[in-house]
Amino acid sequence: LDEERGGLRISGYVCSPAVTRATPAGQALIVNHRPVADPVLRTAVKVAYRDVIAAGRHAVVALYLEVPPDELDVNVHPAKTELRFRDTGAVRSLVIGSLRRALGVGTGQVVAMSALGSSLGSTLGSSFGSSPGPSFGRPAGLAVWGRGPAPPLSLSPGGFAHGNLAEAQLPFAAGPAARQFAAAEPSPDHPLGAPVAQVLDTYIIAVASDGSLVLVDQHAAHERLTHEAISAQMLDGSVRSQPLLLPAVVDLPPNDVARLAARAADLARLGLELEEFGAGAILVRALPAVLGATEPGPLLRDLADEFAEMDEETVLSARLDAVIARMACHGSIRAGRKLGQAEMSALLRRMEETPRAATCSHGRPTVLKLSKADIEKMFGRR
């Protein structure tokens, strides 16, 4: 990345969300030729990555920030590793914005792991003895695809709005945990391939035209699609809301009621219309239409928890994005729901068109992709 704004310049490199560390030790931050461990910059990096990597993990970046000397005080910390910026908001905004653009947010680019990683390797090693074999200690690589800005999503209360679905279900040859379908011909235009089965009513198995095997978590994937749909509507001006036939009253602790009531204006921008209903209840008048028939009680309790974790320094954009992530989780198809072949295919096609589709709103992977070479190595054919 290399951007400049208002006399500030940021340059450097950032890693894909597939590359994380347990601590911030993989973050090199340099300001005006001086290595720093500044909390403002670390927080900005965390915010930029917060909805594309799992909680508790840290991004790997190398950032160089140039700031006019009169806009900076380096004498805050004895070791001069912390700084005081005259315009903290401008620095934070530049870092968050540039990192999100570098990660491909809004470009329709999807990055997915092309190997199952160390957990599978350790499982295989413990299951089949200690004989030498293929190593799965790190992802074998990254598969990247992109199609430009994503079109508006059309989601119905039950999931996808795609008309009548003719489900081509075969007999349950593999037992009740697997549902097989007539294999469609994979197309080079569809990197995530054609669905061939649903396993455990949770995971979609597809085969790509290059022979790669694709595994998709249906809930995590739909969660990301719902997240991006709400974000796109918000950028267009407002999120479409669906008034409830009868307003719902949700009982909550007084502190949670106060937190939600204080954010009522922000929530209204996201299609959630509510008001305080006494000291221990919230009255819900409308929900975001994209969430469908969501139960307001669990949603409000989660949102109250989200607000409890935020401080006043959290920038509005990050605050809204965190709330959208919570909403998306409640409005997504669940693990355990049986999907027809048309529904699975629609999910894969939407993922290919949607920004950040390789991870859910909480940073967990939505898709794993194994190339033919990866599979051959796993079975000792290479």
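1. Ala304 is buried, with a relative accessible area of 0%; buried here means under 20% relative accessible area, exposed over 50%, and partly exposed in between, for a 1.4 Å probe and protein chains only. The residue belongs to helix 7, which spans residues 296-309. Helices are DSSP runs of H or I with at least four residues, strands are runs of E with at least two, and both are numbered from the N terminus.

2. The model is predicted: local features need pLDDT of at least 70 and side-chain atom pairs count only at pLDDT 80 or more, while totals for chains, interfaces and linings use all residues. Residues are numbered from 1 along each chain as its sequence is written, and side-chain values use heavy atoms, with hydrogens and water left out.

3. Leaving aside residues up to four places away in sequence, Ala304 touches Asp256, Arg259 and Leu260, where contact means heavy atoms within 4.5 Å. Arg259 lies 45 residues from Ala304 along the chain, yet their C-alpha atoms are separated by 6.4 Å.

4. Helix 5 and helix 7 pack at an angle of about 80°, with axes 9 Å apart; the axes are lines fitted to C-alpha atoms over the stretch in contact, and angles run from 0 to 180 degrees between N-to-C directions. Helix 5 is therefore roughly perpendicular to helix 7, a term for angles of 65 to 115 degrees. Helix 5 contributes Asp256, Arg259 and Leu260 to the contact, and helix 7 contributes Leu300, Leu303, Ala304, Phe307 and Ala308.

5. The largest nonpolar core has 29 residues, of which Leu260, Leu267, Leu270, Leu272, Leu300, Leu303 and Met327 touch the most other members. Such a core is a set of buried Ala, Val, Leu, Ile, Met, Phe, Trp, Tyr and Cys residues joined through side-chain atoms within 4.5 Å. Elements that each supply at least two residues of this core include helix 4 (218-235), helix 5 (254-262), helix 7 and helix 8 (316-330). Another core, of 28 residues, lies apart from it and has Ala48, Val61, Leu72 and Val91 among its members.

6. The structure holds 0 disulfides, a disulfide being a pair of cysteine sulfur atoms within 2.5 Å. The sulfur of Cys329 has its closest cysteine sulfur in Cys360, at 7.9 Å, which is too far for a bond. Cys329 counts as buried at 18% relative accessibility, and Cys360 counts as buried at 0%.

Notes. Parallel < 35°, antiparallel > 145°, perpendicular 65-115°, else oblique.
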